[in-house]
Amino acid sequence: MDTVPRIRAARWADKDHVAALIADALHPSPLATWLIPDPSPRRRILTDVLAIWIEHAMFYGDIYLTDDATAATVGFHRYRPIPPPANYPTRLSDAAGPHADRFDLLDRLLAKERPSELHYHLAFLAVQPTARRSGRATALLNHHRSRLDHANLLSWTSTTADAENMHLRHGYAPQPTITLPEGPTLSTMRRNPHHHTPGQPKPVPPQANEPAPFHSVR
C-alpha cells in the first residue's frame with residue numbers, strides 16, 4: 001500500500017459486516033474445517049457464531065476497522081471477569097447446530113491457556129481476502145500495540161502458524177500451543193507492554209509477504 005490506512009472504532013451498525021469479514025477470512029482455514037467439517041453450511045455457521053461474539057465485544061471490549069472496512073481487530077477487556085454472552089448455550093446451539101460441541105471445546109481449551117492476570121484479549125485479526133498482503137494487518141497491529149503500551153497492558157492472543165512471525169515482529173512471545181483433537185494446532189502468544197522511549201523500535205512496516213491472519217474464535 002502507498003499509504004497507511006486510517007483506523008477507526010467500529011460502530012454498532014458495523015457488527016454484521018465485521019462478523020461476515022472474519023467468517024470470510026476464517027472459512028478456508030483448517031480451524032474452520034475442524035469446527036464445521038461440512039463445507040455447505042460452514043460460512044453461514046461461522047458468521048452466525050461470530051455475530052454473537054462481535055456483539056459481546058461491543059459491550060466488553062472493542063473493535064477497530066480500517067477506514068475501508070476491509071480489515072478488523074476484535075478484542076476483550078479482561079481487566080476483571082466478564083460474563084459469557086447472554087443465553088450463550090442456547091444461542092450457540094441455534095447458530096452451530098450439531099457443531100456446537102466443537103465450538104464449546106475450543107472455548108474451553110482457549111480459556112485454560114488465557115493469562116490469569118489483567119490483560120487485553122486480542123480475539124480476532126482478519127483481513128478481507130481481496131485486501132490481503134496490503135499492509136492492513138500490520139497497520140492494525142501497530143495501532144493495537146500503541147494503545148496497549150499507552151495503557152501499560154499485557155496482550156494475549158491465539159493464532160495460526162502462518163501468522164506467528166508477524167506477531168513476533170510486534171513483540172509477541174510464543175506460549176503453549178493448543179492441539180485440537182484430530183485437528184490443527186493453534187499457537188498462543190503474549191506481549192508484555194513497553195513504554196515508548198526514544199530508543200523504542202518504530203512501528204513495524206508492512207511486508208510484501210504479510211499473511212492474511214485471523215485469530216481463533218475467542
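1. Two strands are taken to pair if DSSP finds at least two bridges between them, and both helices (H or I, at least four residues) and strands (E, at least two) are DSSP runs numbered from the N terminus. On that basis, this predicted model contains an open sheet of seven strands in the order β1-β2-β3-β4-β5-β7-β6, with mixed pairing. The edges are held by β1 (7-9) and β6 (173-179), each of which has a single partner strand, so one side of each is left without a neighbour in the sheet. From one strand to the next, the twist averages 25°, where axes are lines fitted to C-alpha atoms (for helices over the stretch in contact) and angles run from 0 to 180 degrees between N-to-C directions.

2. Residues are numbered from 1 along each chain as its sequence is written, and side-chain values use heavy atoms, with hydrogens and water left out.

3. Within the sheet, strand β4 (residues 119-127) and strand β5 (residues 155-159) pair in the parallel sense over three bridges, and Y120 has S155 in β5 as its bridge partner. Helix α5 (residues 100-113) packs on the sheet, touching β5, β6 and β7 (185-191), with contact meaning heavy atoms within 4.5 Å; the direction of α5 makes about 150° with that of β6.

4. A nonpolar core is here a set of buried Ala, Val, Leu, Ile, Met, Phe, Trp, Tyr and Cys residues joined through side-chain atoms within 4.5 Å, and buried means under 20% relative accessible area (1.4 Å probe, protein chains only). The largest such core has 42 residues, of which L46 and F103 touch the most other members. Elements that each supply at least two residues of this core include α1 (15-26), β2 (61-66), α4 (88-96) and α5, while α3 gives the most, with eight residues.

5. Leaving aside residues up to four places away in sequence, L46 touches A23, L26, H27, A32, L35, I36 and F103. A second, separate core of 15 residues includes A131, L140, L153 and Y172.

6. For the protein as a whole, the secondary structure comes to seven helices and seven strands, and buried residues make up 51% of the 218 residues. Among contacts between residues at least 6 apart in sequence, 77% join residues at least 24 apart.

Key
Predicted model: local features only at pLDDT ≥ 70, side-chain atom pairs only at ≥ 80, totals over all residues. Buried < 20%, exposed > 50% of the residue type's maximum accessible area, 1.4 Å probe, protein only.
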